[in-house]
Amino acid sequence: MNKEETISKLKAIIKPFVNNDLAFENLSETTDFITDLNINSANLVDIILDVEEAFDINIDNQSMEKMLTIKATLEIIEAKLAEK
Amino acid sequence: MIGNDIVDLELAKTQSNWKRKGYLDKIFTKNEQLHILNSENPDETVWNLWSRKEASYKIYNRITENRIYNPIQFECFDFEHSIGKVKNNGVFYFTKTEINSLYIHTISVLNINDFEKISYQNRNSDIIKMNGIPYLKNPSKKIFKVISISNHGRFEKTVSLLQPQSTF
């Protein structure tokens, strides 16, 4: 899977939880789930579970701690896919 | 130092499905999960413990200026006491939680005596944000007072401590 595919898969996952549509339209690697997209922090769990399902990976607590931005999430997905 | 968190119970019902597989495991310890599942009202208990973790995390975030998503490592204790405890990395936070049919609101402090100094602020107070962290501006003294704002759905609460703190 290339990066473009990963990003589009990730975007589809986070879309239902976004509370700032403009920030979502202008999404970049530095976009922050909470401060930019206004995603409720209790919904970050849903995003993490959805990412686990969609990419068939397991996100441990240590990785989960960093999953506040698109960039960090992409890095974790890549690392976990590489481990497979 | 103070942190608070409010959960609109009606919004939480539609916004989050904590019964989904794996959800509780990601954010609650085994002991917390046991307490949730054995409680009379698990829906309410989920958001009760969640708000304690969030309110305490806000203090952590202020002190360390570190942003991290690790609710499982803010472990709740003394669930049924009027003052609860949350432990993270060897540090204890003290929590008071108000529950009614509409919302759950937790205030967390580091110093247990600070519960006597809680002051509710208006949203239209002179609030500024530095690094995403809110402060109450006091023009007469040219100081910035620590405040904590929480909003969810229909509700918002802004709290600070009455007496001058070393954290000014």
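Me: Buried means under 20% relative accessible area, exposed means over 50%, and partly exposed lies in between. With that in mind, is D56(A) buried or exposed?

Reply: Keep in mind from the start that this is a predicted model. D56(A) has a relative accessible area of 57%, and because that value is over 50%, the residue is exposed.

Me: Which residue forms a salt bridge with D56(A), and how far apart are the closest N and O atoms?

Reply: To count as a salt bridge, a side-chain nitrogen of Lys or Arg has to be within 4 Å of a carboxyl oxygen of Asp or Glu. Here the partner of D56(A) is K84(A), and the closest N and O atoms of the two are 3.7 Å apart. D56(A) sits in the loop between α3 and α4 (61–64) of chain A, while K84(A) belongs to the segment after α5 (70–83) of that chain, so this pair ties together parts that are 28 residues apart in sequence. As for K84(A), its relative accessibility is 59%, and it therefore counts as exposed.

Me: How many salt bridges does the structure hold over all chains?

Reply: Over all chains there are 17 salt bridges. One of them joins D46(A) to R20(B), with 3.1 Å between the closest N and O atoms. This pair crosses between chains, running from D46(A) in helix α3 of chain A to R20(B), which is in the loop between α1 (9–15) and α2 (23–27) of chain B.

Me: Are D46(A) and R20(B) buried or exposed?

Reply: The cut-off for buried is under 20%, and each residue can be held against it in turn. D46(A) counts as buried because its relative accessibility is 5%, and R20(B), with a relative accessible area of 19%, is buried as well.

Me: Which residues are linked with R20(B) in a network of salt bridges?

Reply: The network links R20(B) with D46(A), D50(A) and E53(A). In chain B there is also a salt bridge between the side chains of D25(B) and K30(B), at 3.2 Å from N to O. D25(B) has a relative accessible area of 43% and is therefore partly exposed, whereas K30(B), at 63% relative accessibility, counts as exposed.

Me: In chain B, which residues make a nonpolar surface patch?

Reply: A patch of this kind is built from residues with over 30% relative accessible area. In this model I63(B), V91(B) and L110(B) make one of about 220 Å². V91(B) is placed in strand β4 (residues 91–99) of chain B, and because its relative accessibility is 34%, V91(B) counts as partly exposed.

Me: What is the phi value of E65(B), and where does the residue lie?

Reply: Phi of E65(B) is near 55 degrees, which is a positive value in a residue other than glycine. E65(B) lies in the loop between α4 (42–64) and β2 (75–77) of chain B, and with a relative accessible area of 58% it is exposed. N89(B), which is not a glycine, also has a positive phi, of about 55 degrees. N89(B) is found in the loop between β3 (84–88) and β4 of chain B, and with a relative accessible area of 72% N89(B) is exposed.

Me: How far apart in space are A12(B) and G153(B)?

Reply: A12(B) and G153(B) are 141 residues apart in sequence and 8.5 Å apart in space, taken from C-alpha to C-alpha. A12(B) lies in helix α1 of chain B, and at 3% relative accessibility A12(B) counts as buried. For N66(B) and F94(B), the separation is 28 residues in sequence and 20 Å in space, again from C-alpha to C-alpha. N66(B) lies in the loop between α4 and β2 of chain B, and its relative accessible area of 32% makes N66(B) partly exposed.

Definitions and conventions: Residues numbered from 1 in each chain as written. Chains lettered and ligands numbered in written order. Predicted model: local features only at pLDDT ≥ 70, side-chain atom pairs only at ≥ 80, totals over all residues. Heavy atoms only, no water. Patch = residues over 30% accessible without salt bridge, like charges linked within 9 Å, V, L, I, M, F, W, Y side chains within 5 Å. Areas by Shrake-Rupley, 256 points an atom, 1.4 Å probe, with all protein chains shown as cover. Helix = DSSP H or I, 4+ residues; strand = E, 2+ residues; numbered from the N terminus. Buried < 20%, exposed > 50% of the residue type's maximum accessible area, 1.4 Å probe, protein only.
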